[in-house]
Amino acid sequence: MKVESWVLCLIDFESEEPSFYYNPNNESFERKFSNQCAYLSREQCEVKESELNIVGLEMVKGTMDVPRDILIDSIIETFDELGLIKNIDK
């Protein structure tokens with residue numbers, strides 16, 4: 001399934017192309033893009049952009065292919081973290 005995603009990129013001033021991508025899992029910049037660099041939440045990406053406060057850092061919107069089962073697991077995990085799911089023990 002295709003989902004919207006956002007990426008924090010350091011833009012090369014000469015080429016105006018991304019030269020490094022921020023990986024929130026490692027809290028570091030990487031030269032090559034990977035799915036680990038993408039945020040599924042625009043708000044989380046904006047917060048990290050504000051925290052890093054680096055000249056030349058831009059938030060770029062795109063799409064990413066995510067297997068359906070991983071997407072469903074991610075949604076359930078987020079709902080659980082937000083307290084929107086109640087566990088009922090039988």
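Predicted model: local features only at pLDDT ≥ 70, side-chain atom pairs only at ≥ 80, totals over all residues.
**Entry 1**

I started with F33, which is partly exposed at a relative accessible area of 40%. For these words I use the following cut-offs: buried is under 20% relative accessible area, exposed is over 50%, and partly exposed lies in between, with a 1.4 Å probe and protein chains only. Then I looked up Y21, and this residue is buried, at 16%.

Residues are numbered from 1 along each chain as its sequence is written, and side-chain values use heavy atoms, with hydrogens and water left out.

**Entry 1: aromatic pairs**

How many aromatic pairs does the structure hold? I found 2 of them. Rings of Phe, Tyr and Trp (its six-membered ring) pair if their centres lie within 6.5 Å; planes under 30 degrees apart are stacked, over 60 edge-to-face, and the rest tilted. The pair of Y21 and F33 is edge-to-face, because the ring centres are 5.5 Å apart and the planes stand at 70°. Y21 sits in strand β2 (residues 18-23) and F33 in the loop between β3 (28-30) and β4 (38-39), so this pair ties together parts that are 12 residues apart in sequence. The other pair is Y22 with F29, with centres 5.2 Å apart and planes at 65°, so I call this one edge-to-face too. Y22 is buried, at a relative accessible area of 3%, whereas F29 is partly exposed, at 28%.

**Entry 2: the overall layout**

I listed the elements next: the protein has 2 helices and 5 strands. Helices (H or I, at least four residues) and strands (E, at least two) are DSSP runs, numbered from the N terminus. Along the sequence I read the pattern β-β-β-β-α-β-α.

What is the radius of gyration of the protein? It is 16 Å, while a compact globule of 90 residues would have one near 12 Å. That radius is taken over C-alpha atoms, and the globule rule is 2.2 Å times the number of residues to the power 0.38. The C-alpha trace spans about 60 × 25 × 20 Å along its principal axes. Of the 90 residues, 26% count as buried.

**Entry 3: the cores**

I then searched for nonpolar cores, meaning sets of buried Ala, Val, Leu, Ile, Met, Phe, Trp, Tyr and Cys residues joined through side-chain atoms within 4.5 Å. The largest has 10 residues: V3, V7, C9, I11, Y21, C37, A38, M64, V66 and L71. Strand β1 (residues 2-11) gives the most to this core, with 4 residues. Another core lies apart from it and has 7 residues, including W6, L8, L10 and C45.

Is W6 buried or exposed? W6 is buried, at 8% relative accessibility, and its place is in strand β1. Leaving aside neighbours within four places in sequence, W6 is in contact (heavy atoms within 4.5 Å) with residues including C37, A38, Y39, C45 and V60.

**Entry 4: S19**

S19 lies in strand β2 and is buried, at a relative accessible area of 18%. Setting aside neighbours within four places in sequence, I see S19 in contact with L10, I11, D12, E30 and R31.

**Entry 5: positive phi**

Which residues other than glycine have a positive phi? I noted E16, with phi near 60°, and N53, with phi of about 45°. E16 is in the loop between β1 and β2 and is exposed, at 62%. N53 is in the loop between α1 (42-52) and β5 (57-65) and also counts as exposed, at 67%.

Helix α2 has 14 residues and reaches 20 Å from its first C-alpha to its last, close to the expected 20 Å at 1.5 Å a residue. The expected span is 1.5 Å times one less than the number of residues. Just after α2, G83 takes a positive phi of about 75°.

Confidence came last: pLDDT is the predictor's confidence in each residue, from 0 to 100. The protein averages 86, and 96% of the residues score at least 70.
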